[in-house]
Amino acid sequence: MSLKEQICQALQHTVEQLLADVQPAKMPQVQLTRPKVREHGDYAVNIAMPLAGLLQQNPRQVATSILEKTTFPDAVLKTDIAGPGFINITLKQGGEADMLLHILAQGSTYGCVETDKAKSVCLEFVSANPTGPMHVGHGRGAVVGDALANLLSARGYAVHKEYYINDAGSQIAVLANSVWLRMQELQGISIRLPESAYPGEYIIDIARTILAKSSFEYFSTLDEDNCLQEIGLLAVAANMAMIEQDLKVIGITFDQYFSEKTLHASGKVDQLIEKLENDGLIYTGTLPPPKGKEISDYQAVEQQLFRTTAFGDDVDRPLRKQDGTATYFAADIAYHHDKSQRGFQYLIDIWGADHGGYVTRVQSSMKALTGLAEQPEVLLIQMVNLTRNGQPFKMSKRAGTFVALSDVVEEVGKDAVRFNFMTRRIESQFDFDLEDAKAKSSENPVYYVQYAHARICAVLNKAKSEGVEIVDVDQVDTSLLSSEEAQDLIKILLAYPDMLDTAANRREPYRIATFTMQLAATLHRFYHKNRVLGVENELMQARILLLKATSQVLKNALSLLGVNAPEKM
RNA sequence: GCGCCUGUAGCUCAGCUGGAUAGAGCAACGCCCUUCUAAGGCGUGGGUAGCAGGUUCGAGUCCUGCCAGGCGCACCA
């Protein structure tokens, strides 16, 4: 048990004594926080304030009685009551420095907890349509999703990463048609691209790929339906290969690619609709015209409707189109139902903000099917606004109507893209200036953090090359790490597991990025004021130990983000 | 019109689910390399937290109403 936990437990014990007649469920929980100001000690506790109300006493008085009744661990130097009733706890000099040994002993698992098989989670992210390369917005979701997967794994979840391929429906027909036209064009046949066709140059690449494998003559002998169907299959495969390549470049892989088509083929969509019918959740009716949008050719049609309003939705949703085929929505709830039946404890989806209107209907549907609320948990990622020199920048040549992720990665580099995408909360829209990211690359936060790691390595390598004999960790006198900067560094290193825990519970991997920036800043400050090599041996040994622990934590945190921790820069 | 998200320094963003004097990076200005990586450090300037109310011992954080921006709102996916 860490020192922090020991203190916390001691206080909690006292609180429970003071509130003997309060029900356990209502018992206030002691929380230790790190004060911003050094004068406020190493830990601060505000428990006296909520207790004051319950006990009808003033907070400072309550704090006094808490302190009288609590036995603290030896490492606690003193306690004070401050301000309106904070309890400030100051530790003995170097009281926590021993924990550095713990960090080094844990190594790459420092901050992690053992996998708990009961905490299985299916994390769905990216799921970009197989009709073009990934764009920048997909990239943000991909990077956040991957980091969240790493984070949850580190905190004991058994994580399954899944990509849902929308390989059914009319968009695939459009894709097939676009590719077929380009194939004809490559044969020297003059064509006219209809407005509905995909304009990007990547379509030509796909046409070329298909022609390299099968002859044009083969397709021209097929009747139109078969021809387009076959091209559709090949085009989706080519697209997915392209997307997997885009993902690989930023270091992301999936455990499973789940095809929408297989849901229809296996009859799961029909079965689902049947089940809902049996449950009496389906009726035939018409929906009111949508508001806020002018639709010239609106016609009310009778449809098979799913009574999602009974489970919290705003309006009932159609499961079959006029022609009787299943809607995208029907397949999507069949998909989520399937995930749930595969036995995952948690379902988490990462979607773009443009799917925000979709959350309620999927959750309502799942509630109807499983009885569980808030399933799936949906994380909506806001849009990325790409600019170049402050001017909006909306498309790249290859992709046609949007900026391809691979172009941006090529321009700014994988680590910079990944790190930058991780420094903001997903709820905030992201302004990303390409020229800034390139021109100021040396001032980029990612380099600031990586530089801290490289710097430590430089010192440690120099020590090695100078033949410094590094003693065993248990021979090191960590109480020598008494400088303000060293103490700050130790504190932040010890805060790492707590930070991870919060980040995992709240599904907020961006906290890791913020943490690494703070840690880097603290390291740089330490470096400037505390010489490591060339000082008296025992002190040097202690500082080397601190550097090793710091580089370990930096490496661990960066690896969760999928960013390199370079030894040299 | 309705729903979701956002509004904090000139710019881009944090702020550990309500705590003590609101913080970083960039941009501006000054200082620090004969000593471990100056991709760094130190310092200065820069804030009516969109506006107005409310709850609370205490609000950037919670509630309500406005204002502004983004996204979405049938038979597409």
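**Domains, helices and a loop in chain A**

Student: What distance separates the centres of domain 1 and domain 3?
Tutor: The model is predicted, so local features need pLDDT of at least 70 and side-chain atom pairs 80 or more, while totals for chains, interfaces and linings use all residues. Residues are numbered from 1 along each chain as written, chains are lettered from A and ligands numbered from 1 in the order written. In chain A, domain 1 covers 3–91 and domain 3 covers 444–561, with bounds from an automatic or database assignment. Taken over C-alpha atoms, the separation of these two centres is 30 Å.

Student: What share of the residues of chain A counts as buried?
Tutor: Chain A has a C-alpha trace spanning about 85 × 65 × 40 Å along its principal axes. A residue is buried with 20 or more other C-beta atoms (placed from the backbone) within 10 Å of its own, exposed with 12 or fewer, and partly exposed in between. Of the 569 residues of chain A, the share that counts as buried is 38%.

Student: Among contacts in chain A between residues at least 6 apart in sequence, what percentage joins residues at least 24 apart?
Tutor: A contact puts two C-beta atoms within 7 Å. The chain in question holds 20 helices and 15 strands, which are DSSP runs (H or I, at least four residues; E, at least two) numbered from the N terminus. For pairs at least 6 apart, the part joining residues at least 24 apart is 75%.

Student: Which strands are among the elements that cover the buried residues of helix 3?
Tutor: Helix 3 takes in residues 59–69, and its buried positions are Pro59, Val62, Ala63 and Ile66. Down the axis of helix 3 these fall within an arc of 100 degrees (directions from axis to C-beta atoms), so they line one face of the helix. Helix 3 also lies across two strands, running at about 160 degrees to one of them, strand 3. The cover includes helix 1 (3–18) and helix 2 (48–55), and among the strands, strand 3 (76–82) and strand 4 (86–91).

Student: Which residues on the other side of helix 11 are exposed?
Tutor: In helix 11 (residues 268–278), Val269, Leu272, Ile273 and Leu276 are buried. They cover an arc of only 95 degrees, which puts them on the same side of helix 11. That side packs against helix 10 (260–265), strand 8, strand 9 and helix 12 (328–341). Exposed on the other side are Glu274 and Asn278.

Student: Which residue with positive phi follows helix 11?
Tutor: Helix 11 ends at residue 278. Beyond the helix comes a residue whose phi is near 70 degrees, namely glycine 280.

Student: Is proline 288 buried or exposed?
Tutor: Proline 288 sits in the loop between strand 8 (282–285) and strand 9 (303–306). Its C-alpha atom is 9.6 Å from that of valine 301, 13 residues apart along the chain. Because proline 288 has 7 C-beta neighbours inside 10 Å, it counts as exposed.

Student: At roughly what angle do the axes of helix 18 and helix 20 cross?
Tutor: Ala486, Leu489, Leu493 and Tyr496 of helix 18 meet Leu546, Ala549, Thr550 and Val553 of helix 20. Axes are lines fitted to C-alpha atoms, for helices over the stretch in contact, with angles from 0 to 180 degrees between N-to-C directions. The axes of helix 18 (residues 484–505) and helix 20 (residues 537–561) come within 10 Å, and the crossing angle is roughly 35 degrees.
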